[in-house]
Amino acid sequence: MTNPFRKHASGLFANHGGNIDQAMTYSMSLVDTLSGADKVAATTAIMVLVNSAAAAFDDRGSSPEKLVLLDLIRSEIDKWADDELEGKLASWASNELDIESSIDQWMDDNLEDRISNLDLVVRTR
């Protein structure tokens, strides 16, 4: 998914880094410099855009930026998984996990006292 607002963005203008409250305050301060019909028209244009963006946000349950980021993450996970996931996991496990050493360490930590105090008796008939 792509950001639905990106196609309408312009590098000619600044942005407030996703801070909607700050952007609204700035926009309305510019509108306040107008009077009469110009002020009404500018306020109407801004509020139509805000209402449309709010409706898009409500419909999707998330911000466009978050949706784009989630799609990118999913895409990268899919690419990674498609490249022999089982082989990658086995390789990682063999490189990162030393099972025999872990078992030996656990036995030393947990069984040494119990085993050293045992007597082994062997009987034959």
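## Overall fold

Helices (H or I, at least four residues) and strands (E, at least two) are taken here as DSSP runs, numbered from the N terminus. The structure described is a predicted model, in which local features need pLDDT of at least 70 and side-chain atom pairs count only at pLDDT 80 or more, whereas totals for chains, interfaces and linings use all residues. Residues are numbered from 1 along each chain as its sequence is written, and side-chain values use heavy atoms, with hydrogens and water left out.

On that basis the protein chain has six helices and zero strands, and its pattern along the sequence reads α-α-α-α-α-α. Of the contacts (heavy atoms within 4.5 Å) in the protein chain with a separation of 6 or more, 42% are between residues 24 or more positions apart.

## Surface and burial

The protein chain has an accessible surface (Shrake-Rupley method, 1.4 Å probe; for residues, only the protein chains shown count as cover) of about 11,000 Å², and carbon and sulfur atoms account for 57% of that area. Of the 125 residues in the protein chain, 5% are buried, where buried means under 20% relative accessible area, exposed over 50%, and partly exposed in between (1.4 Å probe, protein chains only).

## Surface patches

Patches are made of residues with over 30% relative accessible area and no salt bridge, like charges being joined within 9 Å and nonpolar side chains (Val, Leu, Ile, Met, Phe, Trp, Tyr) within 5 Å. Trp92, Leu97, Ile99, Ile103, Trp106 and Met107 make a nonpolar surface patch of about 630 Å². Helix α5 gives the most to this nonpolar patch, with four residues, and Ile99 is found in that helix.

A patch of negative charge on the surface brings together Asp98, Glu100, Asp104, Asp108 and Asp109; Asp and Glu count as negative and Lys and Arg as positive, with His and the chain ends not counted, and each charge is placed at NZ of Lys, CZ of Arg, CG of Asp or CD of Glu. Glu100 lies in helix α5 (residues 99–110) and is exposed, at a relative accessible area of 65%.

## Salt bridges

The count comes to two salt bridges, each being a side-chain nitrogen of Lys or Arg within 4 Å of a carboxyl oxygen of Asp or Glu. In one of them, Arg74 pairs with Asp71, with the closest N and O atoms 3.5 Å apart. Arg74 and Asp71 are separated by about one helical turn, because they stand three residues apart in helix α3 (residues 64–82). Asp71 is partly exposed, with a relative accessible area of 23%.

A salt bridge also joins the side chains of Lys39 and Asp32, at 3.6 Å from N to O, and Lys39 counts as partly exposed at 31% relative accessibility.
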